[in-house]
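Subject: Structure for you to look at

Dear colleague,

I am handing over the structure we spoke of. Please open it before you read my notes.

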Amino acid sequence: MKKILIIGGSKGISKEVVKQLSEKGDFCYVISRTAPDFAFNGTHFALNALTDELPAIESLDGLVYGIGTINLKPFNRLNAEDFQNDWQVNVMGAVKIIQHYLPQLKNAEQASIVMFSSVAAQRGMPFHASIGAAKGAVEGLVKSLAAELVPKIRVNAIAPSIVDTPLAAGILRNDTIKENMVAKHPLKRILQPQDVAKTTVFLLGEESNGITGQIFIQDNGLISISN
Ligand SMILES: NC(=O)c1ccc[n+]([C@@H]2O[C@H](COP(=O)([O-])OP(=O)(O)OC[C@H]3O[C@@H](n4cnc5c(N)ncnc54)[C@H](OP(=O)(O)O)[C@@H]3O)[C@@H](O)[C@H]2O)c1
């Protein structure tokens, strides 16, 4: 049984990660502001992970940083606060959590950290200047930490296209928009949180031993192929 800390875990991709890890028999430490509305194998801490004091956890084999933003605006309407908020949530939040739990992760025989980037860090997209910049920094952080934390800790990220989660609800706000989004993706579907959770669980487990410093693009083909 592995012990995994999931930042998020009450909604979205990280909720599905908690469910899948629980099914595997792993123990989940979940940190989110609201309590999960489903049964899982582990403990929940009701906290703001960005601002509150973090709980003491004795030992850890893995960490998932499942908080992020989607802040899409034309460049001339993005102000300094937008850039700072995207930076704080996506980059500095991960830095704070990883630094805090690094001793526990270093004590594990082999630990794994998973973060989330976005296709917007890989391919230029209009209105994505702030989130694209922040997720580009996440990818740089992943590569630097992967190099620095060998051989005890593997560090990887997943860069999804749009995923049907509460975070994306404002974009996928009606059936017409959803149909247009399906049509834009070569695999003719929208990612479900379960899809990205499966990749996350793979990256946390021994099945992915030997993989570190990678950014996995999971995009239904959106930026990976042309058709
Ligand atoms: N959804 C997409 O289309 C998409 C696309 C590309 C990349 N991503 C990235 O994938 C990652 C996961 O996204 P998602 O769609 O699953 O997000 P989500 O639906 O917003 O879920 C985020 C989770 O984090 C928790 N959370 C948020 N702020 C928190 C805080 N300050 N302290 C503690 N917990 C907090 C939320 O629970 P509470 O509200 O209960 O705190 C929730 O459990 C993010 O990095 C996102 O940028 C998502």
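This is a predicted model: local features need pLDDT of at least 70, side-chain atom pairs count only at pLDDT 80 or more; totals for chains, interfaces and linings use all residues.

Seven strands form an open sheet with parallel pairing, in the order E3-E2-E1-E4-E5-E6-E7. Its edges are strand E3 (42-46) and strand E7 (215-218), each of which pairs on one side only. Direction ignored, neighbouring strands in this sheet are turned by 15° against each other on average.

E1 and E2 run parallel and are joined by five bridges.

Strand E5

E5 (111-116) is mostly covered, with six of its six residues buried. In a regular strand, side chains alternate between the two faces of the sheet. In E5 both faces are covered: Ala-111, Ile-113 and Met-115 are buried on one side, and Ser-112, Val-114 and Phe-116 are buried on the other.

Val-114 in E5 has Val-64 opposite, and E4 and E5, which run parallel, are joined by three bridges. Phe-116 stands opposite Ile-158 in E6; between E5 and E6, again parallel, there are six bridges.

The chain makes a right-handed β-α-β unit from E4 through helix H2 (residues 80-107) to E5. E5, helix H3 (residues 129-148) and E6 make another right-handed β-α-β unit.

Helix H1

H1 covers residues 12-24, and its 13 residues reach 19 Å from first C-alpha to last, close to the 18 Å expected at 1.5 Å a residue. How many of the residues of H1 are buried? The count is 10 of 13, so the helix is mostly covered, taking buried as under 20% relative accessible area. Among them are Gly-12, Ile-13, Val-17, Val-18 and Leu-21, but also Ser-14, Lys-15, Glu-16, Gln-20 and Ser-22.

What covers these buried residues includes strands E1 (3-7), E2 (27-32), E4 (62-65) and E5 (111-116), together with helix H5 (193-204). Just after H1, Gly-25 takes a positive phi of about 100°.

Helix H5

H5, already mentioned as part of the cover of H1, lies across E1, E4, E5, strand E6 (153-160) and E7. Relative to E6, H5 runs at about 165°.

Best regards

Technical notes. Residues are numbered from 1 along each chain as its sequence is written. Side-chain values use heavy atoms; hydrogens and water are left out. Helices (H or I, at least four residues) and strands (E, at least two) are DSSP runs, numbered from the N terminus. The expected span of a helix is 1.5 Å times one less than its number of residues. Buried means under 20% relative accessible area, exposed over 50%, partly exposed in between (1.4 Å probe, protein chains only). Contact means heavy atoms within 4.5 Å. Two strands pair if DSSP finds at least two bridges between them. Axes are lines fitted to C-alpha atoms, for helices over the stretch in contact, and angles run from 0 to 180 degrees between N-to-C directions. A crossover is right-handed if, with the strands pointing away from the viewer, the path from the first strand over the helix to the second runs clockwise.
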